[in-house]
Amino acid sequence: MGTTQLLFWFLSILAILGAILVVTSKNPVHSVLWLIVVFVAISGHYILLDAQFLAIVNLIVYAGAIMVLFLFVFMLMNLNADTEPQKNRWLKIAGVVTGGALLLVLVAALKKADLKAQMAEMGKGDIGLIHNLGLVLFKDYVVPFEISSVLFLSAMVGVVVIGKKAEEDKTTLGSQKYGG
Amino acid sequence: MWTGIMVPLRQELMVTLILFLLLFIKVGASEYRTGTILRLVNILLLANLVLGFFPCPDATLFNGMFHTGRLIVLEKNILNLGTLIVSLLAYDWLKEHRQALEFYMLLLATLTGFFFMISSGNLLMFYLGLELSTIPLTALSGFDLEKKQSSEAALKFIISSAFSSALLLFGISLLYGATGSLGFDAIPRRLDGSAFQLFAFILLLSGFAFKISVVPFHLWTADVYEGSPVAVTAYLSVISKGAVFFIFIQALYTVFRPLAGNWNRMLILLSVLTMLTGNLFALRQNNLKRLLAFSSITQSGFILAGITGSSRAGDASVIYFILIYIFSNLGAFGVVSLISAQTGRENIDDYKGLYAANPLLSWVMAISLFSLAGIPPTAGFFGKFFLLMAGAGRGNYVFIGIAALNMVIALYYYLRVIKAIFMDSQPQPIGKLKIPLLPNIAFGLCVAGILVTGVMGWVYDYIYSLSIGF
Amino acid sequence: MGSSSLIVLFFAGVAFAAGGIAAARFFVKGTKNRQKGEAYECGIPTSGTPWNQFSIGYYLYALIFLIFDVELVFMYPWAVAVRRIGMPALVEIVIFLFILFMGFLYAHKKGALKWM
């Protein structure tokens, strides 16, 4: 087993373990911390696939910014470990059974699949490098790139519309309570 | 070179242009009058609609990312028409709203998303278009800023659409792994119906099913429809659903054609489930918005029945039905919107004796509901008729029989509303309501559409001549 | 393979940090009492829980930050590729930045960036 393979198995086990702990942790903050472990492991996978840029972006955006956002949401909604509703035991069993069935189907489908014949083209293994990514992004994928800016814009407008009104409510509430 | 890009892209560019114009006004102007802006936007939307009717060459741009043709332009025109009607209907509500400009900015962003989605020739592009339409729609469904129910609707909508997007993305990535391409032209060549490809396809199908609220994935529909502002509900149930159906049928008939034998059976099952569940739940609703939500689930089932025909008639009948569905559903939602805005009453019991004071609204509602139910003189009958004919083209007579039976069940709850309006009475009926000019125009458009589209045979013939053959 | 050395380096970094903490655990003779766990070891005793409801303002900031974060992510590949592609890439990024800058102006105009 070479280094790559060893790392692959290590990262995979880490990712799956982290993912299971995300779901099973009682405290939502712990879930978020485990989710960071999952993201780090997946970033490792990206590096193994020679997609260094994607790995770093995954760390910066997901493990960095989005996780902070998650934490803010917990603070905002005051999600304590105590307030988390207890789920029905039968619901849990049903979830495990359906999820397991889906996994079984996926494994069976993958086992029968002949992926080598028509695998996604990997080229020389340098498509994930930032230079090639830039060339592809700004030549072939120009329209999606520009559309994504409109997407960001609309997301920003939506956020401000919904968030700002709540803040106005907050300030009036605050002025009543604390006199300004 | 520029006209080669501008002409095929004109509808997208126009919508984006209006969006940015509003943004400039918002950022630049220190003061503006909402009423003036609303009228300006409606005129611009009309211009946008007219712009779509100019001839457009078939084009494939940006390495196959974007493609357009007469059928796609027609679909965009239908969406434009629907958006214009929604906009006219929403005038009354928006006039009093502090953030009317934002409403249009978000609405037009979703429309741009739908346009790019319908025109996409690549799964990545398709996904971006879908997200561009979903995210602003979420903000829109939370647009009744003072109502808790509206926020609840927004939250439910974002969670369910994030879930469906995740399924869709998983399906797309598996499909990419299985076929090695994201392009709509390259994928069908490499589809061979292996178990792995079918698994990827089912994930994609589930993502689609969420968006068009097909039965196992419909649970978000009623709550979101009830909580959102009525104009947004109308938009969701008609434009959003129509756009996703357009790309859905296009994907099934072109990209996934090699899997036709498989998806045909799946769709028949989903269609039966959708029609039955939608109908059975609609029977027990008292809130009119919820009733229309479940009725729209049922209509999705009927559209699926048309798609299973997998023939040229199937494509034509679906597009034709969506055109009619826009008129009928918007007519019904328009009346609900007007009454809800002026009196705040939304239950069927509140509509008892509506005819006495508001004959015009009552007739608009009645004609729309007749059309939704599919009663002969209205266009809805022809729409359903063509759908079922297309579905019967494959010889599934049992299935078509079940669909026809469902039409009869649906008749019951539509007629219940009509009975409440025309025959029942109550101690405090809704008084005489003022109908402003713009909603009046919208009602006129809807009623004319319902009465005329069915009778004029050339509409269907024209759509048929453009449809995708099988 | 070059990338696996990168990942080994990454784990070496993690091990280095974790090793330091573990070594400290091992060597330092720690005292354990209630006061050690307090946020402030001296001064007024803290009261209540740190689990307070935050203002939505933080969230608004974080979300707008996230949008610009993602925007900047697009700039890296652009910066590397712009020389090869030339003028079109410049136009593309200017349009992209302009649209997002409009969004920024909008948020500014609405006072979303103003701390209460």
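Reader: Among contacts in chain A between residues at least 6 apart in sequence, what share joins residues at least 24 apart?

Author: The share is 56%, where two residues are in contact if their C-beta atoms, placed from the backbone, lie within 7 Å. This is a predicted model, in which local features need pLDDT of at least 70 and side-chain atom pairs count only at pLDDT 80 or more, while totals for chains, interfaces and linings use all residues. Residues are numbered from 1 along each chain as its sequence is written, and chains are lettered from A and ligands numbered from 1 in the order in which they are written.

Reader: What makes up chain A, and how many helices and strands are there?

Author: Chain A has six helices and zero strands, and reads α-α-α-α-α-α along its sequence; helices (H or I, at least four residues) and strands (E, at least two) are DSSP runs, numbered from the N terminus. Chain C has four helices and zero strands, in the order α-α-α-α. Of the 180 residues in chain A, 25% are buried, and of the 116 residues in chain C, 19% are buried; a residue is buried if 20 or more other C-beta atoms lie within 10 Å of its own, exposed if 12 or fewer, and partly exposed in between.

Reader: Where does UniProt place the feature "transmembrane region" in chain A?

Author: The unreviewed UniProt entry places this feature at residues 6-24, 31-49, 55-78, 90-110 and 141-162 of chain A; such annotations may be inferred rather than shown by experiment. In the model, residues 90-110 of chain A are 100% helix and 0% strand, with end C-alpha atoms 30 Å apart, and residues 141-162 of chain A are 95% helix and 0% strand, with end C-alpha atoms 32 Å apart.

Reader: How many residues of chain A are in contact with chain C?

Author: On the chain A side there are 47 residues, in contact with 44 residues of chain C. Helices H1 (3-24), H2 (28-48), H3 (52-77), H5 (130-139) and H6 (142-178) of chain A each supply at least two residues to the side that touches chain C, and H6(A) gives the most, with 18 residues. By class, this side of chain A holds 30 nonpolar, eleven polar and six charged residues, where Ala, Val, Leu, Ile, Met, Phe, Trp, Tyr, Cys and Pro count as nonpolar, Asp, Glu, Lys and Arg as charged, and the others, Gly among them, as polar.

Reader: Why is H11(B) called roughly parallel to H13(B)?

Author: The axes of H11 (residues 230-255) and H13 (residues 288-307) of chain B come within 12 Å and cross at roughly 15 degrees. Angles under 35 degrees count as roughly parallel, and therefore H11(B) is roughly parallel to H13(B). The crossing of H11(B) and H13(B) is right-handed, and the contact includes Phe245(B) and Ile249(B) of H11(B) and Ser300(B) and Ile303(B) of H13(B). In this contact of H11(B) with H13(B) there are six nonpolar, four polar and two charged residues.

Reader: At what angle do the axes of H14(B) and H19(B) cross?

Author: The axes of H14 (residues 312-343) and H19 (residues 437-455) of chain B cross at roughly 145 degrees and come within 9 Å, and the crossing of H14(B) with H19(B) is left-handed. Among the residues that meet are Phe327(B) and Gly331(B) in H14(B), and Phe443(B) and Gly449(B) in H19(B). The contact of H14(B) with H19(B) has eleven nonpolar, five polar and no charged residues.

Reader: Why does Phe399(B) count as partly exposed?

Author: Phe399(B) has 19 C-beta neighbours inside 10 Å, and therefore counts as partly exposed. Phe399(B) is in helix H18 (residues 397-422) of chain B and, leaving aside residues up to four places away in sequence, touches Ile268(B), Val272(B) and Gly391(B). Phe399(B) and Ala305(B) are 94 residues apart in sequence, yet their C-alpha atoms are 8.4 Å apart.

Reader: What makes the phi of Ser213(B) worth noting?

Author: Most residues other than glycine have a negative phi. Ser213(B), although not a glycine, has a positive phi of about 45 degrees, and lies in the loop between H9 (195-211) and H10 (219-227) of chain B. Ser310(B), in the loop between H13 and H14 of chain B, has a positive phi of about 35 degrees and is not a glycine.

Reader: How do you know whether Ser213(B) and Ser310(B) count as buried or exposed?

Author: Ser213(B) has 29 C-beta neighbours inside 10 Å and so counts as buried, and Ser310(B), with 23 C-beta neighbours inside 10 Å, counts as buried.

How values were computed: Axes are lines fitted to C-alpha atoms, for helices over the stretch in contact, and angles run from 0 to 180 degrees between N-to-C directions. Angles under 35 degrees count as roughly parallel, over 145 as roughly antiparallel, 65 to 115 as roughly perpendicular and the rest as oblique. A crossing is left-handed if the near helix is turned anticlockwise from the far one by less than a right angle, and right-handed if clockwise.
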